[in-house]
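Please look over the model below before reading on.

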Amino acid sequence: MKEKLEQIKKEAIEQIAKSDALDALNDVRVNFLGKKGELTAVLKGMKDVAPEDRPKVGQLVNETRAEIERILEEATKKLENIKREMTMKAEVIDVTLPAKKNIVGHRHPNITTQEEVQNIFIGMGYEVIEGPEIETDYYNFEALNIPADHPAKDEQDTFYINGEYLLRTQTSGTQVHVMEKGNLPIRMIAPGRVFRSDEVDATHSPSFHQIEGLVIDKHITFADLKGTLAEFAKELFGEDTKVRFRPHHFNFTEPSAEMDVSCFKCGGAGCRFCKGTGWIEILGCGLVHPNVLKMSKIDPEEYSGFAFGIGLERIALLKYEIDDMRLLYENDVRFLKQF
Ligand code: DAH
């Protein structure tokens with residue numbers, strides 16, 4: 001019996017030595033130690049051993065088993081180490097290779113322009129507010145002194161959701177939301193998307209962006225409006241920029257004006273850019289109409305204010321010298337990358 005066990009052990013060791021993969025080692029384990037393995041077969045043969053010899057034989061079998069297991073374990077560890085080293089060698093990273101570029105698109109001229117405008121006003125102590133794109137008729141028209149039958153409403157006919165709700169035609173409604181809260185004084189700008197049922201062409205789109213501005217405090221006059229917007233124009237278009245105000249009509253301001261900046265291309269001499277006039281219109285503005293203040297529960301005897309509305313795309317097109325607004329909405333990265 002002893003020789004038989006010695007023989008088994010010898011064979012096992014030989015086979016382990018020949019195994020060059022973990023799978024092969026596992027086969028050896030099954031062949032020798034498994035349920036149908038050679039050692040188990042020996043144990044099964046115990047019934048033929050004389051009862052007094054059985055403990056001795058049992059011990060021998062266990063020792064053989066332990067020995068084979070130990071050698072198997074050693075061989076497994078060795079093979080695992082080799083395998084790990086091979087994977088490490090195969091996966092080695094060459095840090096000197098050029099990096100793969102991840103293309104993540106490009107900032108949009110609208111966003112760059114919006115941030116530039118925002119930063120100018122933030123620098124003057126304004127707060128940036130976001131108003132809702134879906135408005136009620138009240139906020140978009142009524143509270144801005146545009147009653148139901150007013151022709152100004154037709155000019156801005158838009159996308160109605162039902163009789164009461166619509167996609168806002170202007171960011172001016174945000175003025176009302178802020179005034180209603182009653183935290184005075186107010187110094188805010190409200191950038192955002194607006195909608196109008198306009199046909200698409202080089203200067204129109206049914207969806208574009210505005211930046212609204214509102215200041216409410218005691219003793220605000222047209223001089224504050226002019227000073228603020230002149231400073232804004234200088235920061236945006238350069239120190240030499242001049243501004244002029246032309247009388248205009250907006251329902252929610254009185255008096256109202258449109259502001260032009262001197263052409264930053266020709267300095268005012270007249271060129272293709274300013275259509276020969278030397279001036280470029282950039283925004284609408286005015287002193288907040290007393291009716292508007294009253295509707296938002298602000299006493300026009302105590303408070304006054306000014307408001308303005310800037311067309312964001314218009315500024316972006318000017319600044320980046322883009323001559324067709326549609327290019328801004330195509331999101332072609334080959335176009336966007338130029339700015
Ligand atoms: N909401 C106006 C428009 O869409 C622009 C505007 C003009 C806004 C004058 C103002 C303002 O706040 O005072 O045409």
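**Notes on the sheet and its helices**

1. Helix α5 (residues 109–123) lies across β1, β4 (186–195), β5 and β9. The helix runs at about 165 degrees to β4. Helices (H or I, at least four residues) and strands (E, at least two) are DSSP runs, numbered from the N terminus. Axes are lines fitted to C-alpha atoms, for helices over the stretch in contact, and angles run from 0 to 180 degrees between N-to-C directions.

2. Helix α9 (residues 222–237) also packs on the sheet. Helix α9 touches β6, β7, β8 and β9, where contact means heavy atoms within 4.5 Å. The direction of α9 makes about 150 degrees with that of β8.

3. This is a predicted model: local features need pLDDT of at least 70, side-chain atom pairs count only at pLDDT 80 or more, and totals for chains, interfaces and linings use all residues. Residues are numbered from 1 along each chain as its sequence is written, and side-chain values use heavy atoms, with hydrogens and water left out.

4. The sheet is open and has seven strands. Their order is β1-β4-β5-β9-β8-β7-β6, with mixed pairing. Its edge strands, β1 (127–128) and β6 (243–248), each pair on one side only. Two strands pair if DSSP finds at least two bridges between them.

5. Strand β9 (residues 304–311) pairs with β5 (residues 207–217) in the antiparallel sense, over eight bridges. Here V215 stands opposite F306. Strand β8 (residues 279–288) is also antiparallel to β9, joined by five bridges. In this pair G286 faces A307 of β9.

6. P247 stands opposite A257 in β7.
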